[in-house]
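Open the model in your viewer and keep the selection panel at hand. The stops below say what to pick next and what to look for there.

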Amino acid sequence: MNNNMLKTYKVIGDIRSQVNKADTIEDALKASLRIITSECGVQYAVVWYFNELDKLLHPYYWLAPTDFTSRTHAPKDGDIGKCFSTGESVRRLQYKKGQDVFTDMALVGVNIGAMLCIPLSVDDKAVGVLQMISTGEINAETADVCEILALMMAMDIAEAPQFQKAAENPETVMKVRGVKRSFLRGTVTSQVLKGVNLDVYDGEFLVLLGESGCGKSTLLNILGGMDEADEGFVEFMGKDITHASDEEMTMFRRKNIGFIFQSYNLMPNLTARQNLDLIGELVDDPMDADEVLDMVGLLSRANSYPSQLSGGQQQRISIARALIKKPKLIFADEPTAALDYTTSIEVLKVLEKIIHTGTTMVMVTHNEEITRMADRVVRMRNGQVYEVTVNRHPVHAEELVW
Ligand SMILES: Nc1ncnc2c1ncn2[C@@H]1O[C@H](COP(=O)(O)OP(=O)(O)OP(=O)(O)O)[C@@H](O)[C@H]1O
Ligand SMILES: [Mg+2]
């Protein structure tokens, strides 16, 4: 038996004894990964689990000088045990410096030399990935040790409570696939949405970020039934609304969708309560106007006209107007962009209250700080979604500072 093999057995033995001692799965993982990172020349390790529902890899545990809590990523070739392009099974994948797979890891803040990804499989079903990162190289012995560790930990990961929690069915309210949209400007067609894929889950607060002009409002308008996709489809509660008639679309918007805009769009010649009644009359079972006004903290201003209200107050009325219909979904496009910090927080507190009543909300913002309030953060770039992150611990509006 050569030295390398002896070392491999020793490391495996150490890991097994640590795993036997551990009380919890996390302790076992921590101990195992610590042994590997101290013995085998890899510095960082991340254990990901694959969520069947959003088809994303979620970080389960990591040893790295950065917080992975809210990082998720779409599995790439091999990440979950199959090579997507060829369909072949993958035992392990090793990347070397120079290959274009380290973008995610750049946030670790180190110069990465090599990366090893090993699918975690139980009964041929991929449940996650063990990712090892080295600032130098990863030799074959280390890769073998990691592969054995992956075999040992796959079962634990499959049974981990966090994994099972994520496997609870969040109901998808809206499903967006391959949505494209172009506009004709003069004689030039510009493609604004280039194939957007997105799910909106029941009761969640989803924040959508992206540079100016990347297509956020265009997407929101399509989701809200105010505009139509050229290609792809949008489903609302399992029903394809892409090809609905104008009349069906109007009914869909009226019944299910509340919109909040940056500019409040209130009727200037109507009082706050009249602005609400106008919308309440459109639906069968509206909320009571006074109740909604109370909810946004403006019952005492029911008889004021928009011009008699501050910007923040007008925005709260426009939130009340979206709410009075009891919509399934609220879309808010930069609702605080025109407001100062204190007023923005007031408005966000009202939105938070609404989210806690179970209303699903999608909000577009430029303000990175607001993402801390979200359940999920979706980032768009150049007409596509490129990153979705999950916040396990969203903060309250009043904790935000900018
Ligand atoms: N109806 C339209 N006709 C022509 N061009 C449009 C139309 N709507 C949007 N666009 C163009 O599509 C691009 C994306 O616009 P969109 O409003 O979706 O961006 P955005 O991400 O919301 O930007 P911002 O953060 O500035 O609000 C822009 O270049 C815009 O000029
Ligand atoms: Mg916009």
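**Before you start**

This is a predicted model: local features need pLDDT of at least 70, side-chain atom pairs count only at pLDDT 80 or more, and totals for chains, interfaces and linings use all residues. Residues are numbered from 1 along each chain as its sequence is written, while chains are lettered from A and ligands numbered from 1 in the order in which they are written. Helices (H or I, at least four residues) and strands (E, at least two) are DSSP runs, numbered from the N terminus.

**Stop 1**

Axes are lines fitted to C-alpha atoms, for helices over the stretch in contact, and angles run from 0 to 180 degrees between N-to-C directions.

Strand 3 and strand 4 (residues 114-122) run antiparallel and are joined by four bridges. Pick Lys96: its bridge partner in strand 4 is Ala114.

**Stop 2**

Then show helix 1 (residues 3-21) beside helix 3 (residues 140-159). They pack at an angle of about 30 degrees, with their axes 10 Å apart. That makes helix 1 roughly parallel to helix 3; angles under 35 degrees count as roughly parallel, over 145 as roughly antiparallel, 65 to 115 as roughly perpendicular and the rest as oblique. The crossing of helix 1 and helix 3 is right-handed. A crossing is left-handed if the near helix is turned anticlockwise from the far one by less than a right angle, and right-handed if clockwise.

Show side chains at the contact. Helix 1 contributes Asn4, Lys7, Thr8, Val11, Ile12, Ile15 and Val19, and helix 3 contributes Glu141, Asp144, Val145, Ile148, Leu149 and Met152. The contact of helix 1 with helix 3 holds eight nonpolar, two polar and three charged residues. Ala, Val, Leu, Ile, Met, Phe, Trp, Tyr, Cys and Pro count as nonpolar, Asp, Glu, Lys and Arg as charged, and the others, Gly among them, as polar.

**Stop 3**

Move to the open sheet of four strands, ordered 7-6-9-10 with antiparallel pairing. Strand 7 (188-201) and strand 10 (239-240) are its edges, each with a single partner strand, so one side of each is left without a neighbour in the sheet. Strand 6 and strand 7 run antiparallel, joined by 11 bridges. Pick Val179 to find its bridge partner in strand 7, Val196. Helix 5 lies across strand 6, strand 7 and strand 9 (231-236), at about 125 degrees to strand 6.

**Stop 1: ligand 1**

Which residues are around ligand 1? Select Phe183, Arg185, Val192, Gly210, Ser212, Gly213, Cys214, Gly215, Lys216, Ser217 and Thr218. A residue is near a molecule or strand if its C-beta atom, placed from the backbone, lies within 6 Å of it. Strand 6 (172-185) and helix 5 (216-223) each supply at least two residues of this shell. Helix 5 gives the largest share, three residues. By type, the shell has three nonpolar, six polar and two charged residues.

**Stop 5**

Select helix 7 (residues 272-280) and helix 9 (residues 311-323). Their axes are 9 Å apart, at an angle of about 25 degrees. Helix 7 is thus roughly parallel to helix 9, and the crossing is right-handed. Ala272, Asn275, Leu276 and Ile279 of helix 7 meet Ile317, Ala320 and Arg321 of helix 9.

Finish with helix 10 (residues 341-356). The axes of helix 9 and helix 10 come within 9 Å and cross at roughly 15 degrees. This crossing of helix 9 and helix 10 is also right-handed.

Definitions and conventions
Two residues are in contact if their C-beta atoms, placed from the backbone, lie within 7 Å. Two strands pair if DSSP finds at least two bridges between them.
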